[in-house]
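Q: Let us work through a protein structure together. How do I read its features, one at a time?

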Amino acid sequence: MTDLILLSDPRVAATAVAECGEPLVDLRADGHLRLDARKADDDGSYARLRAGARERLLRAQRLLPDGLRFLVVEGYRPPALQSRYFEEYTATLRRAHPEAPPGRIRELASAYISPPEVAPHVSGGAVDLTLCGADGRELELGTEVNATPEESEGACRTGAPGLTEEARANRAVLGRALSSAGFVNYPTEWWHWSYGDRYWALSTRAAAARYGPADPSPSAG
(Lines give C-alpha, C1' and ligand atoms only; values in the text may rest on other atoms or scores of the structure.)
Protein backbone atom coordinates (compact mmCIF):
# COMPACT_ATOMS: atom_id res chain seq x y z
CA MET A 1 0.00 0.00 0.00
CA THR A 2 1.77 3.12 -1.23
CA ASP A 3 -0.95 5.78 -0.93
CA LEU A 4 -2.13 6.98 2.47
CA ILE A 5 -5.39 5.17 3.18
CA LEU A 6 -7.41 6.48 6.10
CA LEU A 7 -9.55 4.24 8.26
CA SER A 8 -12.64 6.01 6.90
CA ASP A 9 -11.83 4.69 3.41
CA PRO A 10 -14.58 2.31 2.16
CA ARG A 11 -11.91 -0.23 1.25
CA VAL A 12 -11.21 -0.79 4.96
CA ALA A 13 -14.84 -1.52 5.79
CA ALA A 14 -15.09 -3.76 2.71
CA THR A 15 -12.18 -5.95 3.85
CA ALA A 16 -13.35 -9.44 4.80
CA VAL A 17 -12.88 -10.82 8.31
CA ALA A 18 -12.10 -14.47 9.02
CA GLU A 19 -12.13 -14.44 12.81
CA CYS A 20 -9.50 -16.81 14.18
CA GLY A 21 -10.81 -16.87 17.75
CA GLU A 22 -7.62 -15.91 19.55
CA PRO A 23 -8.33 -14.65 23.09
CA LEU A 24 -7.34 -11.36 24.59
CA VAL A 25 -4.43 -11.79 27.00
CA ASP A 26 -3.14 -9.51 29.73
CA LEU A 27 0.21 -7.95 28.86
CA ARG A 28 0.94 -7.41 32.56
CA ALA A 29 0.81 -11.11 33.39
CA ASP A 30 4.49 -12.00 33.01
CA GLY A 31 6.33 -8.69 33.11
CA HIS A 32 7.93 -9.07 29.70
CA LEU A 33 6.37 -5.82 28.52
CA ARG A 34 6.42 -2.47 30.29
CA LEU A 35 3.05 -0.70 30.48
CA ASP A 36 2.30 2.94 31.03
CA ALA A 37 -0.73 3.93 33.15
CA ARG A 38 -1.90 7.03 31.24
CA LYS A 39 -4.73 5.06 29.57
CA ALA A 40 -5.35 2.63 32.43
CA ASP A 41 -8.99 1.74 33.02
CA ASP A 42 -10.78 -0.03 35.85
CA ASP A 43 -11.11 -3.38 34.09
CA GLY A 44 -7.63 -3.44 32.57
CA SER A 45 -8.79 -3.39 28.96
CA TYR A 46 -5.91 -1.11 27.97
CA ALA A 47 -3.44 -3.84 28.95
CA ARG A 48 -4.96 -6.58 26.80
CA LEU A 49 -4.06 -7.72 23.32
CA ARG A 50 -4.83 -10.73 21.13
CA ALA A 51 -2.53 -13.63 21.91
CA GLY A 52 -0.95 -13.63 18.45
CA ALA A 53 -0.40 -9.89 18.48
CA ARG A 54 1.27 -10.18 21.88
CA GLU A 55 3.68 -12.81 20.61
CA ARG A 56 4.62 -10.60 17.68
CA LEU A 57 5.08 -7.65 20.00
CA LEU A 58 7.50 -9.68 22.12
CA ARG A 59 9.31 -10.72 18.95
CA ALA A 60 9.61 -7.08 17.92
CA GLN A 61 10.94 -6.08 21.33
CA ARG A 62 13.72 -8.62 20.99
CA LEU A 63 14.76 -6.85 17.79
CA LEU A 64 15.31 -3.51 19.54
CA PRO A 65 18.85 -2.30 20.25
CA ASP A 66 20.28 -3.23 23.63
CA GLY A 67 18.90 -1.15 26.47
CA LEU A 68 15.64 -0.23 24.72
CA ARG A 69 12.15 -1.54 25.40
CA PHE A 70 8.62 -0.83 24.32
CA LEU A 71 6.42 1.24 26.58
CA VAL A 72 2.86 0.13 25.86
CA VAL A 73 0.21 2.82 26.31
CA GLU A 74 -2.96 1.10 25.09
CA GLY A 75 -4.06 -2.16 23.52
CA TYR A 76 -7.68 -3.30 23.44
CA ARG A 77 -10.35 -0.59 23.54
CA PRO A 78 -14.01 -1.48 24.26
CA PRO A 79 -16.45 -0.48 21.49
CA ALA A 80 -18.33 1.99 23.71
CA LEU A 81 -15.12 3.82 24.54
CA GLN A 82 -14.09 3.89 20.88
CA SER A 83 -17.46 5.38 19.97
CA ARG A 84 -17.16 8.04 22.67
CA TYR A 85 -13.68 9.05 21.54
CA PHE A 86 -14.82 9.27 17.91
CA GLU A 87 -17.94 11.28 18.72
CA GLU A 88 -16.05 13.72 20.95
CA TYR A 89 -13.33 14.36 18.38
CA THR A 90 -15.87 14.65 15.58
CA ALA A 91 -17.74 17.28 17.60
CA THR A 92 -14.48 19.21 18.09
CA LEU A 93 -13.84 19.16 14.34
CA ARG A 94 -17.38 20.30 13.54
CA ARG A 95 -16.85 23.34 15.72
CA ALA A 96 -13.52 24.06 14.05
CA HIS A 97 -14.87 23.48 10.50
CA PRO A 98 -18.57 24.43 10.56
CA GLU A 99 -18.67 24.66 6.76
CA ALA A 100 -17.35 21.13 6.16
CA PRO A 101 -19.81 18.43 5.03
CA PRO A 102 -20.26 15.30 7.21
CA GLY A 103 -18.10 13.17 4.93
CA ARG A 104 -15.18 15.54 5.24
CA ILE A 105 -15.53 15.69 9.02
CA ARG A 106 -15.51 11.89 9.16
CA GLU A 107 -12.37 11.82 7.02
CA LEU A 108 -10.61 14.38 9.20
CA ALA A 109 -11.62 12.55 12.38
CA SER A 110 -10.35 9.21 11.10
CA ALA A 111 -6.83 10.62 10.83
CA TYR A 112 -6.78 10.52 14.62
CA ILE A 113 -9.68 8.37 15.91
CA SER A 114 -10.92 5.40 13.93
CA PRO A 115 -14.61 5.04 13.05
CA PRO A 116 -15.92 2.49 15.59
CA GLU A 117 -17.06 -0.08 13.04
CA VAL A 118 -13.52 -0.63 11.71
CA ALA A 119 -11.43 0.39 14.72
CA PRO A 120 -8.19 -1.64 15.07
CA HIS A 121 -8.16 -1.23 18.86
CA VAL A 122 -11.61 -2.83 19.13
CA SER A 123 -10.20 -5.92 17.39
CA GLY A 124 -7.54 -6.38 20.05
CA GLY A 125 -4.87 -6.34 17.37
CA ALA A 126 -3.72 -2.74 17.73
CA VAL A 127 -1.29 -1.23 20.17
CA ASP A 128 -0.23 2.34 20.92
CA LEU A 129 3.33 2.41 22.18
CA THR A 130 6.62 4.24 22.31
CA LEU A 131 10.23 3.49 23.24
CA CYS A 132 11.88 3.76 26.63
CA GLY A 133 15.21 3.03 28.21
CA ALA A 134 15.91 0.41 30.86
CA ASP A 135 14.79 2.90 33.52
CA GLY A 136 11.41 3.40 31.87
CA ARG A 137 12.13 6.93 30.69
CA GLU A 138 10.56 7.67 27.31
CA LEU A 139 12.77 8.45 24.34
CA GLU A 140 12.25 11.49 22.13
CA LEU A 141 9.97 10.64 19.20
CA GLY A 142 8.83 14.10 18.21
CA THR A 143 5.43 14.31 19.91
CA GLU A 144 3.59 12.83 22.84
CA VAL A 145 1.75 9.58 22.22
CA ASN A 146 -1.82 10.46 21.15
CA ALA A 147 -0.95 14.05 20.19
CA THR A 148 -3.68 15.33 17.86
CA PRO A 149 -2.86 16.64 14.39
CA GLU A 150 -3.89 20.09 15.55
CA GLU A 151 -1.78 20.30 18.69
CA SER A 152 1.26 18.67 17.06
CA GLU A 153 0.93 20.68 13.82
CA GLY A 154 1.05 17.43 11.89
CA ALA A 155 4.17 16.05 13.59
CA CYS A 156 2.11 13.05 14.73
CA ARG A 157 2.35 11.68 11.19
CA THR A 158 4.97 8.96 11.04
CA GLY A 159 6.86 10.54 8.17
CA ALA A 160 6.35 14.15 9.21
CA PRO A 161 9.00 16.64 8.08
CA GLY A 162 10.83 18.92 10.45
CA LEU A 163 11.55 16.36 13.17
CA THR A 164 14.80 16.43 15.08
CA GLU A 165 17.42 13.93 14.03
CA GLU A 166 16.92 12.10 17.34
CA ALA A 167 13.17 11.80 16.93
CA ARG A 168 13.48 10.64 13.33
CA ALA A 169 16.07 8.02 14.28
CA ASN A 170 13.96 6.71 17.15
CA ARG A 171 10.89 6.44 14.94
CA ALA A 172 12.99 4.43 12.50
CA VAL A 173 14.11 2.06 15.26
CA LEU A 174 10.51 1.59 16.39
CA GLY A 175 9.31 1.01 12.86
CA ARG A 176 11.98 -1.48 11.87
CA ALA A 177 11.32 -3.72 14.85
CA LEU A 178 7.53 -3.69 14.56
CA SER A 179 7.46 -4.06 10.78
CA SER A 180 9.85 -7.00 10.99
CA ALA A 181 7.43 -8.72 13.37
CA GLY A 182 4.48 -8.28 11.02
CA PHE A 183 2.81 -5.12 12.33
CA VAL A 184 1.66 -2.26 10.13
CA ASN A 185 1.64 1.40 11.06
CA TYR A 186 -1.22 3.85 10.67
CA PRO A 187 0.72 6.63 8.93
CA THR A 188 -1.07 9.52 10.65
CA GLU A 189 0.02 8.24 14.09
CA TRP A 190 3.63 7.15 14.61
CA TRP A 191 2.70 5.28 17.81
CA HIS A 192 -0.15 3.17 16.37
CA TRP A 193 0.67 -0.31 15.08
CA SER A 194 -1.59 -3.26 14.40
CA TYR A 195 -1.66 -6.87 13.34
CA GLY A 196 -4.58 -9.00 12.19
CA ASP A 197 -7.23 -6.27 11.85
CA ARG A 198 -8.89 -4.98 8.67
CA TYR A 199 -6.38 -2.18 8.16
CA TRP A 200 -3.53 -4.69 8.46
CA ALA A 201 -5.22 -6.99 5.95
CA LEU A 202 -5.71 -4.19 3.44
CA SER A 203 -2.15 -2.95 3.94
CA THR A 204 -0.58 -6.39 3.50
CA ARG A 205 -3.04 -7.59 0.84
CA ALA A 206 -4.06 -10.51 3.06
CA ALA A 207 -7.14 -12.41 1.94
CA ALA A 208 -8.98 -11.40 5.12
CA ALA A 209 -8.47 -9.90 8.53
CA ARG A 210 -7.79 -12.41 11.30
CA TYR A 211 -9.49 -10.36 14.00
CA GLY A 212 -12.97 -8.91 14.13
CA PRO A 213 -14.26 -7.20 17.29
CA ALA A 214 -12.63 -8.97 20.25
CA ASP A 215 -14.57 -10.81 22.95
CA PRO A 216 -13.82 -8.90 26.17
CA SER A 217 -15.36 -11.47 28.51
CA PRO A 218 -13.16 -12.89 31.31
CA SER A 219 -13.16 -16.30 29.66
CA ALA A 220 -11.41 -14.71 26.68
CA GLY A 221 -8.60 -13.34 28.82
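Q: How many salt bridges does a search of the whole structure find?
A: A salt bridge is a side-chain nitrogen of Lys or Arg within 4 Å of a carboxyl oxygen of Asp or Glu. The search finds 14 salt bridges here. This is a predicted model: local features need pLDDT of at least 70, side-chain atom pairs count only at pLDDT 80 or more, and totals for chains, interfaces and linings use all residues. Residues are numbered from 1 along each chain as its sequence is written, and side-chain values use heavy atoms, with hydrogens and water left out.

Q: Which side chain meets D26 in a salt bridge?
A: That of R28, at 2.8 Å from N to O. To describe such residues, we use cover: buried means under 20% relative accessible area, exposed over 50%, and partly exposed in between (1.4 Å probe, protein chains only). D26 has 26%, so D26 is partly exposed. R28 has 43% and is partly exposed.

Q: Which side chains does R38 meet in salt bridges?
A: One is D36, at 2.6 Å from N to O. Another is E138, at 2.4 Å from N to O. R38 lies in the loop between β2 (34-35) and β3 (48-50), and E138 in the loop between β5 and α6, so the pair ties together parts that are 100 residues apart in sequence. The helix and strand names follow a rule: helices (H or I, at least four residues) and strands (E, at least two) are DSSP runs, numbered from the N terminus. As for cover, R38 is partly exposed at 34%. E138 is partly exposed at 34%. D36 is buried, because its relative accessibility is 16%.

Q: Which residues are linked with D30 in a network of salt bridges?
A: R54 and E55.

Q: How many disulfides does a search of the whole structure find?
A: A disulfide is a covalent bond between the sulfur atoms of two cysteines. The test is a pair of cysteine sulfur atoms within 2.5 Å. The search finds 0 disulfides. Look at two cysteines anyway. C20 is partly exposed, with 31% relative accessibility, whereas C156 is buried at 2%.

Q: Which residues form a negative surface patch?
A: Asp and Glu count as negative, Lys and Arg as positive, and His and the chain ends are not counted. Patch residues have over 30% relative accessible area and no salt bridge; like charges are joined within 9 Å, nonpolar side chains (Val, Leu, Ile, Met, Phe, Trp, Tyr) within 5 Å. Here the patch is formed by E140, E144, E150, E151 and E166. E166 lies in helix α7 (residues 165-180) and is partly exposed, at 48%.

Key
Areas by Shrake-Rupley, 256 points an atom, 1.4 Å probe, with all protein chains shown as cover. Charge placed at Lys NZ, Arg CZ, Asp CG, Glu CD.
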